[in-house]
Amino acid sequence: MGNPNNQAYDEAIDWVIALKEAPDDSDVAAAFLSWLDERPENAEAWARAEQAQLHAQTPEIYIEPAPFADTNPSDRRSEPAMALPQPLAAKHQSHRLAKTFLSAALAIAACLAVVVTWPMFSLMLRADHMTANGEFRELRLDDGSAVKLGGGSAIAVNFSNQTREVELLRGAAFFLVHTDAERPFVVRSAKILTRAVGTAFEVRRTASGSSIAVAEGIVEVAQDKPSPSQEKAKQISLRLTAGRQLAISVDEGAATLDAQNVDINEIASWQKGQLAFNNWLVADVVDALRRNYRGLIVIQPGLLTKGRISGVHDLRKPIASLRLLAATQGLRVRQISPWFTTVSRF
């Protein structure tokens with residue numbers, strides 16, 4: 001019968017690969033959380049696997065010690081090999097095992113890199129500008145407009161002599177639009193078009209669609225290419241003025257709208273290192289925290305489907321904020337490592 005600790009470690013390595021391959025797969029997340037609580041040694045094995053992953057990213061290099069110099073190399077070759085003392089032999093063997101392990105870990109990391117970075121690589125092919133998790137960036141577009149990107153965000157820019165179009169591929173962006181009556185400024189996000197001539201507003205990709213909040217001026221919001229099956233359904237066509245926010249969920253052409261007043265100072269509050277939210281879906285708050293955490297957050301399936309909350313969180317401490325949020329929802333947050341956190345009911 002094999003060593004249960006070795007078995008747990010082998011399983012932990014499998015989970016490292018599975019979670020990296022499918023970070024948003026709810027079934028994988030649920031199975032992982034179940035495995036983690038199955039046996040006490042599983043949590044310990046997971047910590048070891050995470051540590052091995054860190055070493056794989058920054059491996060130590062072991063160099064075999066050179067033999068002592070002597071004046072007669074031929075005599076040295078004729079002498080029988082001297083056995084190392086037992087403690088030194090064990091240490092020498094451990095170095096060799098460490099080298100073998102690190103080589104294997106590096107090979108695993110290389111395979112993971114291909115799988116994990118492919119979605120990011122695909123996004124990079126489409127994006128003209130993007131930010132990493134926790135990174136904010138201000139851009140100046142060719143027309144003089146300014147765009148401020150939140151953490152984990154990406155945009156594609158398509159300007160012509162007739163139009164100015166920006167597609168929000170991920171995350172959140174705040175736009176300060178330079179007035180140009182001849183070329184409307186349009187932001188495309190999750191089948192929603194937001195048109196402005198000269199104004200300041202934020203657009204966010206949410207769990208169910210998009211959210212637009214206006215800080216200055218007026219924007220027009222419309223649905224892009226509604227589904228033929230929804231021809232008789234009422235389509236989006238409205239105006240938002242300063243201090244108004246619109247959350248839009250689109251499902252097969254049918255749109256659900258949630259309009260409300262918003263404090264202008266709370267719009268794009270991530271620029272000040274804060275997350276101010278009023279009547280947001282829990283899933284959208286967690287998504288915003290995810291984009292400001294330099295690691296992976298796995299959520300137990302079914303936790304974020306309902307519920308709206310309001311509050312202010314510190315984006316510089318995303319896990320502390322996540323714990324505060326979890327406490328209001330009766331959830332448990334476990335930070336397995338500096339790069340991996342889980343949220344569950346148990």
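**Entry 1: the whole chain**

First reminder to myself: this is a predicted model. I counted the elements and got seven helices and 19 strands in the protein chain. The chain has 346 residues, and 38% of them count as buried. Then I checked how far along the sequence the contacts reach. Taking contacts between residues at least 6 apart in sequence, 54% join residues at least 24 apart.

**Entry 2: helix α7**

Which residues of α7 are buried? I noted Pro-318, Ile-319, Ser-321, Leu-322, Leu-325 and Ala-326. Looking down the axis of α7, I see these buried residues within an arc of 155°, so they line one face of the helix.

Next I looked at what the buried residues of α7 pack against. The partners are α6 (282–290) and the strands β16 (296–299), β17 (308–314), β18 (332–337) and β19 (340–344). After α7 comes Gly-330, and I wrote down its phi as positive, near 70°.

**Entry 3: Thr-341, in one of those strands**

β19 is among the partners of α7, and Thr-341 sits in β19, so I stopped there next. Thr-341 has a relative accessible area of 0%, which means buried.

What does Thr-341 touch, beyond its neighbours within four places in sequence? I listed Tyr-293, Leu-296, Ile-297, Val-298, Ile-319, Leu-322, Val-333, Arg-334 and Gln-335. Two on that list, Ile-319 and Leu-322, are among the buried residues of α7. I looked up one C-alpha separation as well: Thr-341 and Ile-319 are 22 residues apart along the chain, and their C-alpha atoms are 8.2 Å apart. The side chain of Thr-341 also makes a polar contact with the side chain of Tyr-293, at 3.1 Å.

**Entry 4: salt bridges**

How many salt bridges does a search of the whole structure find? I got 13, and I went through a few.

Arg-164 pairs with Asp-143, with the closest N and O atoms 2.4 Å apart. The pair links distant parts of the chain: Arg-164 is in strand β5 (residues 164–170), while Asp-143 is in the loop between β2 (137–140) and β3 (146–149), 21 residues apart.

Arg-239 and Glu-220 form another salt bridge, 3.0 Å from N to O. Arg-239 is in strand β12 (residues 237–241) and Glu-220 in strand β11 (residues 218–223), so the pair ties together parts 19 residues apart in sequence. Here I noted Arg-239 as exposed, at 58%, and Glu-220 as partly exposed, at 27%.

While on β12, I checked Ser-237, which is also in that strand. Ser-237 is exposed, with a relative accessible area of 66%. Its C-alpha atom is 7.2 Å from that of Gln-223, which is 14 residues away along the chain.

Arg-316 and Asp-314 make a further salt bridge, at 3.0 Å from N to O. I have Arg-316 as exposed, at 68%, and Asp-314 as partly exposed, at 22%. I also found a network: Glu-11, Glu-38, Arg-39 and Glu-41 are joined by salt bridges that share partners.

Asn-42 is in helix α3 (residues 40–57). Its relative accessibility is 0%, so I count Asn-42 as buried. The side chain of Asn-42 makes a polar contact with the side chain of Arg-39, at 3.0 Å, and Arg-39 is a member of the network. Leaving out residues up to four places away in sequence, I saw Asn-42 touch Ala-8, Glu-11, Trp-35 and Leu-36.

Technical notes:
Residues are numbered from 1 along each chain as its sequence is written. This is a predicted model: local features need pLDDT of at least 70, side-chain atom pairs count only at pLDDT 80 or more; totals for chains, interfaces and linings use all residues. Side-chain values use heavy atoms; hydrogens and water are left out. Buried means under 20% relative accessible area, exposed over 50%, partly exposed in between (1.4 Å probe, protein chains only). Helices (H or I, at least four residues) and strands (E, at least two) are DSSP runs, numbered from the N terminus. The arc is that of the directions from the helix axis to the C-beta atoms. Contact means heavy atoms within 4.5 Å. A salt bridge is a side-chain nitrogen of Lys or Arg within 4 Å of a carboxyl oxygen of Asp or Glu. A polar contact is a pair of N or O atoms within 3.5 Å; within protein, one must be able to donate a hydrogen and the other to accept it, and residues adjacent in sequence count only if both atoms are side-chain atoms.
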